[in-house]
Amino acid sequence: MNFKRIGANDLVEGFAVVKSCDKKTTQRGATYLDLMLSDKEGSMNAKLWDYKEDTELFEANTLVKVRGQLTQFNGADQLRIERIRKAVEADGVNIADYVPSAEYTGEFMLSEIKKVVSSFSDGDLKALTEYIINDNEQRLLYFPAAFKLHHAFRGGLLMHTLSLVRIAQRVCEVYPFVNRDLLLCGAILHDIAKLDEFNVSDTGIASGYTVEGELLGHLVMGAMKIEKAAEELKIPKEKTVLVEHMLISHHGVPEYGAAVRPRTLEAELLSQIDLMDATVFEIVSAVSPLAPGDFSSRQWALDDRRFYRHEYENFEEKTKLD
């Protein structure tokens, strides 16, 4: 973590986001706080041993200023906290600078998506896509695409969406018989209901699922959003059903949450490119920290495979979304 050394004996100070904060008791009966702190560079366990009853318990996703001594426990860094408080406006810090974030700003990515929508020749699909984007614009700027898996960071939802849009555009160039506007509409809206599936703070990091997210899931909730918007816009029923089908089938098979399997060309293509982008992200996340010649740990989301980091990969390159 990016703490600044301010004195001897490994004394450090800096800002971090609280991932968890629990009050615990030692074997001798003394109460202490056990925290997990994080920033863009990683996370670290921290202990506040000098606990008093009026000491504040910090909620998850709170930005704090902390001072303490770096120690080692079981081979990992641990912070022995001397002082800790919530960050205040006078500190001049932004919580977005201390959480994992997309490579591009939400404003840039949303602008790129809007440019694509403006190119639609189908007036109904254009109106539907614009309506839903405009209705959810503020949350789209910072929402993650997942709770734990691919693109589970600030701005991850737009990054994943824009990746799908770019892939879909190239697919339509190779296969000109694909209905371009329909495929792009599905790519843009396929995960729109993740805005209602996760509990997300201003940090852009999900802390869990909403009740609706647990009971319905974003595929079904997405189709419900389409149905409501299409009724207001008086979109023809067949077009509405085609878009809804893409959303409820884009996970491919029921084992992965799809309500039905894809049964149109555009629905199948959306499912394939969605899987492709998620898979690329998972593999890169697994191997990019490794030295060339090493294997990753087993990746349970990818059939429990271990992936190899070869010497010809260049993970310094940005994802090309522009």
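Q: If contact means heavy atoms within 4.5 Å, what covers the buried residues of α1?
A: This is a predicted model, and in it the cover over the buried residues of α1 includes α2, α3, α4 and α5.

Q: Which residues of α1 are buried?
A: They are Gly-106, Met-109, Leu-110, Glu-112, Ile-113, Val-116 and Val-117. These residues cover an arc of only 155° around the axis, which puts them on the same side of α1, whereas Glu-107 and Lys-115 are exposed on the other side of that helix.

Q: Why would residues a few places apart point the same way?
A: An α-helix has 3.6 residues a turn, so residues three or four places apart point the same way.

Q: And how far apart are the end C-alpha atoms of α1?
A: They are 18 Å apart, which agrees with the 18 Å that 13 residues should span at 1.5 Å a residue.

Q: On to α2, then: which of its residues are buried?
A: In α2, the buried residues are Leu-125, Leu-128, Thr-129, Ile-132 and Ile-133. They cover an arc of only 125° around the axis, which puts them on the same side of α2, while Gly-123 and Asp-135 are exposed on the other side.

Q: What does Asp-122 do at the start of α2?
A: A side-chain oxygen of Asp-122 comes to within 3.0 Å of the backbone nitrogen of Asp-124 there.

Q: What lines the largest cavity?
A: The lining is made up of Leu-110, Ile-113, Ile-133, Leu-140, Leu-157, Leu-158, Thr-161, Ile-188, Leu-189, Asp-191 and Ile-192.

Q: Why call α4 largely enclosed?
A: Of the 19 residues of α4, 15 are buried, so the helix is largely enclosed by the rest of the structure. Its end C-alpha atoms are 27 Å apart, in agreement with the 27 Å that 19 residues should span at 1.5 Å a residue.

Q: What about open pockets, say the volume of the second largest pocket?
A: The second largest pocket has a volume of about 1,100 Å³. Its lining comprises 38 residues, and those nearest its centre are Leu-149, His-150, His-251, Tyr-256 and Leu-275.

Q: Which elements give two or more residues to the lining of the second largest pocket?
A: Those elements are α6 (194-197), α8 and α10 (265-287), and α10 gives the most, with eight residues.

Q: Which way does phi go at Asn-61, positive or negative?
A: Asn-61 has a positive phi of about 70° even though it is not a glycine. Most residues other than glycine have a negative phi.

Q: Where is Asn-61, and is it buried or exposed?
A: Asn-61 sits in the loop between β4 (42-48) and β5 (62-73). With a relative accessible area of 19% it is buried, because the cut-off for buried is under 20%.

Q: What about Asp-304?
A: Asp-304, in the segment after α10, also is a residue other than glycine with a positive phi, near 60°. Asp-304 is partly exposed, with a relative accessible area of 38%.

How values were computed:
Residues numbered from 1 in each chain as written. Predicted model: local features only at pLDDT ≥ 70, side-chain atom pairs only at ≥ 80, totals over all residues. Heavy atoms only, no water. Buried < 20%, exposed > 50% of the residue type's maximum accessible area, 1.4 Å probe, protein only. Helix = DSSP H or I, 4+ residues; strand = E, 2+ residues; numbered from the N terminus. Arc of directions from axis to C-beta. Polar contact = N/O pair within 3.5 Å; in protein donor to acceptor, adjacent residues only side chain to side chain. 1 Å grid on protein atoms, 1.4 Å probe; cavity = no way out; pocket = protein on both sides within 12 Å on 5 of 7 lines; lining within 4 Å. Expected span 1.5 Å × (residues − 1). Points joined across faces, edges and corners; volume = space filled by probe spheres on them. Contact = heavy atoms within 4.5 Å.
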